[in-house]
Amino acid sequence: NLADEPTDLEALDALERLYEQTERFQELARMLQRRLELADNVDERTRARVRLALIAEQRLGDRSSAIEELRQIVQEVPAHPDANEALELLQAASHRP
């Protein structure tokens with residue numbers, strides 16, 4: 001089933017658009033995880049992780065998953081300015097009552 005394990009990048013793009021437009025954010029996160037598994041390079045992995053972090057934090061309310069994705073980006077690309085800044089902000093927010 002294509003929706004379960006898409007490997008065709010065009011199909012993956014289409015599913016991501018569909019899930020985003022229909023606000024099916026759990027499914028969108030699953031597709032982004034799949035994209036991450038298929039990524040051939042650091043740029044592709046970073047783009048997928050940035051989107052995953054945003055979806056986790058803003059749409060799913062899962063700050064810990066967002067932080068983990070950002071940590072992975074910083075581990076792979078230590079000078080990534082957006083990931084470093086977002087990571088600092090989320091970590092600070094998670095320590096507030």
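Glu 69 touches Gln 33, Leu 36, Arg 49, Leu 52 and Ala 53, leaving aside residues up to four places away in sequence; a contact here means heavy atoms within 4.5 Å. This is a predicted model, in which local features need pLDDT of at least 70 and side-chain atom pairs count only at pLDDT 80 or more, while totals for chains, interfaces and linings use all residues. Residues are numbered from 1 along each chain as its sequence is written, and side-chain values use heavy atoms, with hydrogens and water left out.

- Glu 69 is found in helix H4; helices (H or I, at least four residues) are DSSP runs, numbered from the N terminus.
- Its relative accessibility of 11% makes Glu 69 buried, where buried means under 20% relative accessible area, exposed over 50%, and partly exposed in between (1.4 Å probe, protein chains only).
- Glu 69 and Arg 49 join their side chains in a salt bridge, 2.9 Å from N to O; the term stands for a side-chain nitrogen of Lys or Arg within 4 Å of a carboxyl oxygen of Asp or Glu.
- Glu 69 sits in H4 (residues 63-76) and Arg 49 in H3 (residues 42-59), so this pair ties together parts that are 20 residues apart in sequence.
- Arg 49 is buried, as is Glu 69.

**Other salt bridges**

- In total, the structure holds nine salt bridges.
- Side chains of opposite charge can pair when their charged atoms come close.
- Arg 35 and Glu 16 form one of these salt bridges, with an N to O distance of 2.7 Å.
- Because Arg 35 lies in H2 (residues 25-38) and Glu 16 in H1 (residues 9-21), their pairing links parts that are 19 residues apart in sequence.
- Both Arg 35 and Glu 16 are buried.
- Within H2, Glu 37 and Arg 34 are three residues apart, about one turn of the helix, and their salt bridge brings the closest N and O atoms to 2.8 Å.
- Glu 37 is exposed at 54% relative accessible area, whereas Arg 34 is buried at 15%.

**Asp 8, ahead of H1**

- Asp 8 belongs to the segment before H1 and is partly exposed, with a relative accessible area of 41%.
- The side chain of Asp 8 reaches the backbone nitrogen of Ala 11 at 3.0 Å.
- Asp 8 and Glu 23 are 15 residues apart in sequence, and their C-alpha atoms are 22 Å apart in space.

**Helix packing**

- Two packed helices are described by the angle between their axes and the distance between the axes.
- The axes of H2 and H3 come within 9 Å and cross at roughly 160°; axes are lines fitted to C-alpha atoms, for helices over the stretch in contact, and angles run from 0 to 180 degrees between N-to-C directions.
- That makes H2 roughly antiparallel to H3, a label for angles over 145 degrees.
- H2 and H3 have a left-handed crossing, meaning that the near helix is turned anticlockwise from the far one by less than a right angle.
- Residues making this contact include Leu 28, Leu 32, Arg 35 and Leu 36 of H2, and Ala 48, Arg 49, Leu 52 and Ile 55 of H3.
- H4 packs against H5 (residues 81-94) at an angle of about 145°, with the axes 9 Å apart.
- The crossing of H4 and H5 is left-handed.
- Among the residues that meet there are Ile 67, Leu 70 and Val 74 in H4, and Leu 87, Leu 90 and Ser 94 in H5.

How values were computed: Helices (H or I, at least four residues) and strands (E, at least two) are DSSP runs, numbered from the N terminus. A polar contact is a pair of N or O atoms within 3.5 Å; within protein, one must be able to donate a hydrogen and the other to accept it, and residues adjacent in sequence count only if both atoms are side-chain atoms. Angles under 35 degrees count as roughly parallel, over 145 as roughly antiparallel, 65 to 115 as roughly perpendicular and the rest as oblique.
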